[in-house]
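Reader: Hi! Could you walk me through this structure in plain words?

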Amino acid sequence: MSIIFLESKDNPKIKHLRGLIEQNSYRKKQQQTVLEGTHLCLAWLQENKKINAIFTTENALKHPDWNDINEHYHGHIFVISESLYKDLSTLGTTLACLAIIDLPKHNDSMRYDMDTLILENVQDPGNVGTLLRSAAAANIKQVVCTAGSASLWSPRVLRAGMGAHFSLQTFENVALTEILEKFKIPVYVTSSHQSRSLYQQDLRQPCVWILGNEGQGVSDYALAHAQSVTIPQPGGQESLNVAVAGSICFFEMVRQRL
């Protein structure tokens, strides 16, 4: 492990780091992204995955939690000022740790016979990360996103996912019209305007969940090619947050399979 001090915000390594944090197009071009916080970095390292470089501050290096990183990481650590780190960070409150990683390359093809989560134009990074976290906890291994959804490997989605990404097979920018009719298992969409209750469904076999945009919900195409279910809301609210609704569906599925 080597420690290198960087002082200028115009250093090419800092510019590269900033581009990965702030620009989805730059992440795609470089095929890299950024993990923020020691929890994500450790989760990645414990999967025997490679970190290309870590950026931190001098104070953070003295923190006891950094010992866990040192046990698993032996590459370059770039030390920057507290003010520059705060300018780069999307968190601001965790132990300073920004790690550059290569975007995973999945060689496996999409499967049409296994539990799958499809996110259709779900735009909020917090919702997307939370849904991935709930899906992974419910043992859903395949996640598909349409164009218009938040980038799965953006730093904000990674932060909200809390390491869930690392156990998932993910596919992005997929058109529903290209895949929905290929599934050989039940496909469900959540809709607050349908009368068929979630709790009336038999979820003991593999199935697909489609969750839609925070404001508009799922598309007409999804509604026409899936079974609509609703979550009873005796309190009379118009709808649930998409991440909450998805989590309820996943764990009703888990409950039925116990």
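This is a predicted model: local features need pLDDT of at least 70, side-chain atom pairs count only at pLDDT 80 or more; totals for chains, interfaces and linings use all residues.

**A walk through the chain**

Author: Happy to, and let's begin with helix 1, residues 12-22, where the buried residues are Ile14, His16, Leu17, Gly19, Leu20 and Ile21. Buried means under 20% relative accessible area, exposed over 50%, and partly exposed in between, with a 1.4 Å probe and protein chains only. Helices (H or I, at least four residues) and strands (E, at least two) are DSSP runs, numbered from the N terminus.

Reader: Thanks! What caps the N-terminal end of helix 1?

Author: That is Asn11, which has a side-chain oxygen 2.8 Å from the backbone nitrogen of Lys13.

Reader: How many helices and strands does the chain have?

Author: There are 11 helices and 11 strands in the chain. The radius of gyration is 20 Å, close to the 18 Å that the globule rule gives for 258 residues, so the chain is as compact as a globular protein of that length. That radius is taken over C-alpha atoms, and the globule rule is 2.2 Å times the number of residues to the power 0.38.

Reader: What box do the C-alpha atoms fill?

Author: Along the principal axes, they fill a box of roughly 60 × 35 × 30 Å. Of the 258 residues in the chain, 50% are buried.

Reader: And what about contacts in the chain?

Author: Take the contacts between residues at least 6 apart in sequence: 77% of them join residues at least 24 apart. Contact means heavy atoms within 4.5 Å.

Reader: Back to helices. Which residues of helix 3 are buried?

Author: Helix 3, residues 38-46, is mostly covered, with 7 of its 9 residues buried. They are Thr38, Leu40, Cys41, Leu42, Ala43, Trp44 and Leu45.

Reader: New topic: is Tyr188 buried or exposed?

Author: Tyr188 is buried, with a relative accessible area of 3%. This residue sits in strand 9, residues 187-190.

Reader: Which residues is Tyr188 in contact with?

Author: Leaving aside neighbours within four places in sequence, the contacts of Tyr188 include Gln201, Leu203, Trp209, Ile210 and Val229. Leu258 is 70 residues away from Tyr188 along the chain, and their C-alpha atoms are separated by 20 Å.

Reader: Where does Ser191 lie?

Author: Ser191 is in the loop between strand 9 and strand 10 (208-211), and it counts as buried at 13% relative accessibility. Not counting residues up to four places away in sequence, Ser191 touches Leu223, Ser228, Val229 and Thr230.

Reader: And where is Ser197?

Author: Ser197 lies in the loop between strand 9 and strand 10, and it counts as buried, at 13% relative accessibility. With residues up to four places away in sequence left out, Ser197 touches Thr230 and Pro232. A polar atom of the Ser197 side chain also lies 3.1 Å from the backbone nitrogen of Tyr199.

Technical notes. Residues are numbered from 1 along each chain as its sequence is written. Side-chain values use heavy atoms; hydrogens and water are left out. A polar contact is a pair of N or O atoms within 3.5 Å; within protein, one must be able to donate a hydrogen and the other to accept it, and residues adjacent in sequence count only if both atoms are side-chain atoms.
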